[in-house]
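Subject: Structure for your files, with notes

Dear colleague,

Here is the structure I said I would pass on. My notes on it follow below.

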Amino acid sequence: MPKLFLMSLGCNKNLVDSEIMLGRLSNYEICDEPSIADVLIVNTCGFIESAKKESIEAILNLHEQRKKDSLLVVTGCLMQRYKEELMKELPEVDLFSGVGDYEKIDEMILKKTNVFSNSTYLQDANTKRVITGSNYHAFIKISEGCNQKCSFCAIPTFKGKLKSRSLESIVNEVKTLVDKGYKDFSFIAQDSSSYMLDLGIKDGLIKLIDAIENVKGIKAARILYLYPTSTTKALIEKIINSKIFVNYFDMPLQHISDKMLKIMKRGSDKKRLLELLNLMKNAKDSFLRTGFIVGHPGESNEDFNELCEFLKEFKFDRISVFAYSKEEDTVAFDMEQVPSKIINSRLKVIEKIVDEAIEQSLNKQIGKKINAFCEGQSSEGEFFIAAKDICWDRNIDGEILINESECGDLIMGELYECEVLESVDKKLIAKTLKKVDK
């Protein structure tokens with residue numbers, strides 16, 4: 001069999017697209033070593049400057065490593081966004097494609113032709129996909145594109161308007177994966193809480209939750225990327241009352257100052273955000289994740305200080321902080337920019353606050369009994385088994401290290417009751433007590 005090396009960069013939405021390409025290339029043997037691959041694919045990210053640089057570096061590095069007569073294919077967001085420039089500036093690449101043709105990757109390689117569709121690709125019920133990295137968890141993409149008009153974000157310019165998958169398509173995919181042994185699901189999109197709004201349905205995500213709850217065999221599910229204006233109290237209460245969906249609330253706020261929220265075109269003010277956040281936080285065993293941008297044009301010292309004080313007072317479990325990235329085709333591009341020196345100094349301040357908040361969240365778990373999925377060997381090597389709290393999302397929320405078991409050898413993908421013993425270097429140490437047959 002010919003060998004295939006695939007590198008998926010950026011978010012987990014990209015990962016789903018990469019897994020769809022793997023499904024179309026089942027006649028290839030997947031390998032981890034680019035130097036022996038017959039075909040090398042890079043699924044790029046083009047969201048912010050650092051991601052763009054990472055994508056370009058990855059392409060050039062793979063070109064240096066690849067063997068003679070191999071095929072280097074570049075696809076994804078960066079290619080869609082900078083199609084003309086990159087096709088001229090990257091002679092190292094053999095084939096180019098954007099975000100609309102993941103299911104044509106086999107045809108593209110066979111015919112050795114570049115393919116760029118005008119529309120964004122959206123999988124359907126018949127899409128073949130190879131899940132990677134887990135034997136129990138899968139990401140499910142529920143829509144593509146975004147109708148929001150955030151001042152800093154270029155995603156709608158290359159991903160297009162919101163396009164929702166049919167409810168039937170999503171449910172069928174989940175049922176198929178459950179039949180294969182998958183039991184833990186994360187539902188994702190650029191704006192998950194707007195699901196079905198493009199079809200004129202206001203409570204689409206609530207309908208999705210109802211439908212998924214009727215699928216037998218699921219042990220846990222969560223929703224990522226809620227948007228403040230399309231997240232309703234009814235949706236939050238639906239998640240809280242669900243027996244399948246855990247109380248995982250991922251809503252990137254980007255700022256908390258009313259002035260900045262208006263400049264950033266976020267559509268919600270601080271008062272509404274706090275109403276939603278407090279409803280989430282008061283739920284039993286809730287887990288709150290958010291993200292903020294530092295140094296967006298217009299951010300004053302007062303705005304930044306307000307953000308810092310908010311983060312000290314309102315306890316999130318996980319927080320991502322990004323330096324503002326000046327992006328073409330955005331409203332903020334032509335605004336007066338905050339000097340990079342000021343942005344960097346603010347980042348140092350806020351990162352300390354974020355580190356303390358995450359450490360406090362982890363320390364709260366010490367002494368508690370939690371349910372966690374076994375994930376196999378840990379990042380710390382053979383002396384620990386890795387596990388994921390049932391409430392956490394895969395890869396982004398941390399790793400639990402199991403160094404003691406009261407129920408024998410652990411099985412990857414199975415759910416166990418664990419007792420958290422301590423927190424060390426942003427990782428929880430725990431022992432397993434018993435297998436959970438939920």
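A salt bridge here is a side-chain nitrogen of Lys or Arg within 4 Å of a carboxyl oxygen of Asp or Glu. Glutamate 414 and lysine 183 form such a bridge, with their closest N and O atoms 3.5 Å apart. Please keep in mind that the model is predicted.

Salt bridges

The glutamate 414 pair links distant parts of the chain, its residues being 231 apart. Glutamate 414 is in the loop between β16 and β17 (415-424), and lysine 183 is in the loop between α7 (167-179) and β9. Both glutamate 414 and lysine 183 are buried.

A second bridge joins aspartate 184 to arginine 222, at 2.7 Å from N to O. This pair also links distant parts of the chain: aspartate 184 belongs to strand β9 and arginine 222 to strand β10 (residues 220-223), 38 residues apart. Aspartate 184 and arginine 222 are both buried.

Glutamate 144 and lysine 141 meet through their side chains in a salt bridge of 2.8 Å, N to O. Glutamate 144 is buried, as is lysine 141. The structure holds 33 salt bridges. Some of them share partners and join Glu49, Lys52, Arg81, Glu327 and Glu328 into one network.

Annotated domain

The unreviewed UniProt entry annotates residues 132-363 as "domain: Radical SAM core". In the model this span is 40% helix and 16% strand, and its end C-alpha atoms lie 31 Å apart.

Aromatic residues

There are 10 aromatic pairs in the structure. In one of them, the rings of phenylalanine 187 and phenylalanine 245 have their centres 5.7 Å apart and their planes at 35°, so the pair counts as tilted. Phenylalanine 187 lies in strand β9 (residues 184-188) and phenylalanine 245 in strand β11 (residues 245-250), 58 residues apart, and the pair thus links distant parts of the chain. Phenylalanine 187 has a relative accessible area of 0% and is buried. Phenylalanine 245 is buried as well, with a relative accessible area of 3%.

Another pair, phenylalanine 310 with phenylalanine 314, is stacked, with 5.7 Å centre to centre and 20° between the planes. Phenylalanine 310 is buried at a relative accessible area of 5%, and phenylalanine 314 is buried at 8%. Phe310 and Phe314 belong to one aromatic cluster with Phe292 and Phe316.

Phenylalanine 314 also has the charged end of lysine 281 over its ring, 4.1 Å from the centre. Elsewhere, lysine 13 lies over the face of tyrosine 225, at 3.7 Å from the ring centre.

Barrel

Five strands form a closed barrel with mixed pairing, in the order β14-β15-β16-β18-β17. Neighbouring strands of this sheet are turned by 55° against each other on average, direction ignored.

Strand β14 (residues 369-378) pairs with β15 in the antiparallel sense over 6 bridges, and a hairpin of 2 residues joins β14 to β15. Alanine 372 has aspartate 389 in β15 as its bridge partner. Strand β15 (residues 381-389) is in turn joined by 3 bridges to strand β16 (residues 400-405), and these two run antiparallel. Here alanine 387 stands opposite isoleucine 400 in β16.

Regards

Definitions and conventions:
Residues are numbered from 1 along each chain as its sequence is written. This is a predicted model: local features need pLDDT of at least 70, side-chain atom pairs count only at pLDDT 80 or more; totals for chains, interfaces and linings use all residues. Side-chain values use heavy atoms; hydrogens and water are left out. UniProt positions are given in the numbering used here, feature names are shortened, and annotations may be inferred rather than shown by experiment. Helices (H or I, at least four residues) and strands (E, at least two) are DSSP runs, numbered from the N terminus. Rings of Phe, Tyr and Trp (its six-membered ring) pair if their centres lie within 6.5 Å; planes under 30 degrees apart count as stacked, over 60 as edge-to-face and the rest as tilted. Buried means under 20% relative accessible area, exposed over 50%, partly exposed in between (1.4 Å probe, protein chains only). A charge sits over a ring if NZ of Lys or CZ of Arg is within 6 Å of the ring centre and within 35 degrees of the ring normal. Two strands pair if DSSP finds at least two bridges between them. Axes are lines fitted to C-alpha atoms, for helices over the stretch in contact, and angles run from 0 to 180 degrees between N-to-C directions.
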